[in-house]
Amino acid sequence: MEKRFIYADNSATTKVSDSVLGEMLPYFTEEYGNPSSIYKIGRSAGRAIETARERIASVFGCQPSEIYFTSGGSEADNWAIRGAAAKMAAKGKKHIITTAFEHHAVLHTCEYLEKQGFEVTYLPVGEKGLVTPEQVENAIREDTALVTIMYANNEIGTVMPIPEIAEVCHKKGVLFHTDAVQAVGNVPINVAEQGIDMMSMSGHKIHAQKGIGFLYAKKGIVLPNLIYGGGQEKGRRAGTENVPAIMGLARAVEDACADISEKAERITKIREHIIDGILENVPAARLNGDREKRLPGNINISFLGVEGESLLLMLDMNGICASSGSACTSGSLDPSHVLLSLGLPHEVAHGSMRLSIADPITMEDGDYIIETVTKVVEKIRNMSPLWEDIKNKKQGTERLLSFVSPIE
Ligand SMILES: *Cc1c(COP(=O)(O)O)cnc(C)c1O
């Protein structure tokens, strides 16, 4: 098969789309006024931001005044969790419920709060990578300040039952936040109907630029100031607004949330084809995360006897951009906390690959991925001493086989 270039890392970031770029450009070169300025090009920039807020609010079923622009998902998560924690601590509530496999923007914020005297419950996510409303209900206490649970996991793509979890929180009178960075554009979201009190999202995962996102906070939730200064974002996050990025974000949200079911169906078909193809061709492999309750474009597979980084480098040489479960960015060799939270041994978690596919992927691209992954895994295994031991059923390796498909 002829070599192709396939960007299959859309959960890491995405290409800025033409429509988003087109929406942004005038705000660099024509409508470049400071939105707080009094003359025409300032006023029009200010108006544009408010229109963007309205457009976003109408997609998610909330009021424009409930949308606060941020620099992205991490900032929104920090603001929501630290803000809620500070407010609730004043009422004597210092317990937070989250899951073991949140994004680090949530987990590390919770760890910081633990050092500040908060108690955090990290709900286990089971072998399939899901949490249930019952788990949340059982974890809620008198002093629970906040429940924060991601809508969809960024590594294994599992989608949580968010409306049901929100309902449990409300029944018990507890504030509910969700990191919906991966869910936006893949799952229909209406914050009012789904009972979401606070929600984080990020532009660069849905074809807007990096460094823009928002926090939705339901009316009545008074967020503490994040940045002191001017009156932007109701004075709670000062600093001249990033007008082009905000305009691009509005367009990206509209584009991503139009025809979700049609897009999901199309992408899911290609995903299923790739998963089936790889699992049929490659022995001693496993799909991570629930097969049905997952994002349309997420494929996360572990291969026994394969080292994640080698796999990614060889896929790159073949024109495929993918990512692995091991945290190579942090310079540590520890496998991903998400894969470990599923109960996978280090040896299995280490040989993992995440493909996050999105338009304009085709079935033919899918065939190329299947063929390339099959070839590359075989090549790496032929050089792997661990694979040799596994094949020879060397002592200590049988346990690993129970996590993957059979060798023959
Ligand atoms: C990417 C991501 C974030 C961080 O968003 P940034 O805009 O890069 O800060 C947070 N949560 C999840 C689930 C993500 O996938």
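These exercises cover salt bridges and the ligand shell in a predicted model. Local features need pLDDT of at least 70, side-chain atom pairs count only at pLDDT 80 or more, and totals for chains, interfaces and linings use all residues. Residues are numbered from 1 along each chain as its sequence is written, and side-chain values use heavy atoms, with hydrogens and water left out.

**Exercise 1. Count the salt bridges, then describe the one between Arg141 and Asp143.**

Step 1. Set the rule: a side-chain nitrogen of Lys or Arg lies within 4 Å of a carboxyl oxygen of Asp or Glu. Side chains of opposite charge can pair when their charged atoms come close.

Step 2. Apply the rule. The count is 19 salt bridges.

Step 3. Take the pair. The closest N and O atoms of Arg141 and Asp143 are 2.9 Å apart.

Step 4. Classify by relative accessible area: buried is under 20%, exposed is over 50%, and partly exposed is in between (1.4 Å probe, protein chains only). Arg141 has 31% relative accessibility, so it is partly exposed. Asp143 has 26% and is partly exposed.

**Exercise 2. Are Arg271 and Glu272 buried or partly exposed?**

Step 1. Confirm the pair. Arg271 and Glu272 form a salt bridge with closest N and O atoms 3.0 Å apart.

Step 2. Compare with the cut-offs. Arg271 has a relative accessible area of 4%, so it is buried. Glu272, at 22%, is partly exposed.

Step 3. Look for shared partners elsewhere. Salt bridges join Glu23, Arg55, Arg251 and Glu254 into one network.

**Exercise 3. Describe the ligand's surroundings.**

Step 1. Count the shell. It holds 13 residues, and the closest are Ser74, Asp179, Gln182, Ser202 and Lys205.

Step 2. Sort the shell. It has 2 nonpolar, 8 polar and 3 charged residues. Helix H4 (residues 73–89) gives the largest share, 3 residues.

Step 3. List some N and O distances. A ligand nitrogen is 2.6 Å from a side-chain N or O atom of Asp179. A ligand oxygen is 2.8 Å from a side-chain N or O atom of His204.

Methods:
Near = heavy atom within 4 Å. Polar contact = N/O pair within 3.5 Å; in protein donor to acceptor, adjacent residues only side chain to side chain. Helix = DSSP H or I, 4+ residues; strand = E, 2+ residues; numbered from the N terminus. Nonpolar A, V, L, I, M, F, W, Y, C, P; charged D, E, K, R; others polar.
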